[in-house]
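Biologist: Can you walk me through this one? I'd like to start with the side chains.

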Amino acid sequence: MSRSDEVNKMTENVYKVILEQFNPGLKNFVIMGKNYEKALTGVSLAAKGYFDALVKLGELASDSQGSKELGDTLFQMAEVHRQIQVQLEEVLKLFHSELLSQLEQKLELDLKYLTATLKKYQGERRSKSDSIEHCQSELKKLRRKSQGSRHSQKYGDREMQVTPKICVSASS
């Protein structure tokens, strides 16, 4: 295997490792974030039920003279809980909009970019290889013609013209 083929294989492997390992890892991270968001939404619903129960208990306690202080305390607890719940919902919205959806978009863009870049690299590599093979076959033809021909100098000059083309094609 030539050095060029080794470099090509390593380059393609880097692209494949990124596509097969890094991006799925990020995708898994986004999925776990969505599960976390869903769990927090469930907690939020349960907390609203708890908040409603506190308010009802506070109302029942406020109705009787003996437990009015208990009712006030329950209302204060419900208010603190409501404030915490509002903050949790705001954090949940930010978590979704600023982290999860952004990561998901970037992941999709990265996947498209890496796939397109790999295809472009492979196309350019194929094109250059084809060009080199064509030049090499032309060179072989010229060498065969120049051997045993009375116009060997003419073919030698032509070979000198083709050889720089191979070098230029191979280097670009």
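Predicted model: local features only at pLDDT ≥ 70, side-chain atom pairs only at ≥ 80, totals over all residues.

Biologist: Is Tyr36 buried, partly exposed or exposed?
Modeller: Tyr36 is partly exposed, at 47% relative accessibility. Buried means under 20% relative accessible area, exposed over 50%, and partly exposed in between (1.4 Å probe, protein chains only).

Biologist: What kind of pair do the rings of Tyr36 and Phe95 make?
Modeller: Edge-to-face, because the planes sit at 75° and the centres are 5.6 Å apart. Rings of Phe, Tyr and Trp (its six-membered ring) pair if their centres lie within 6.5 Å; planes under 30 degrees apart count as stacked, over 60 as edge-to-face and the rest as tilted.

Biologist: Where do Tyr36 and Phe95 lie?
Modeller: Tyr36 is in helix H1 and Phe95 in helix H2, so the pair ties together parts 59 residues apart in sequence. Helices here are DSSP runs (H or I, at least four residues), numbered from the N terminus.

Biologist: New topic. Which residues does Leu92 touch?
Modeller: Glu37, Leu40 and Thr41, not counting residues up to four places away in sequence. Contact means heavy atoms within 4.5 Å. Leu92 is found in helix H2 and is buried, with a relative accessible area of 13%.

Biologist: How far apart are the C-alpha atoms of Leu92 and Leu40?
Modeller: They are separated by 7.6 Å, though the two residues are 52 apart along the chain.

Notes:
Residues numbered from 1 in each chain as written. Heavy atoms only, no water. Helix = DSSP H or I, 4+ residues; strand = E, 2+ residues; numbered from the N terminus.
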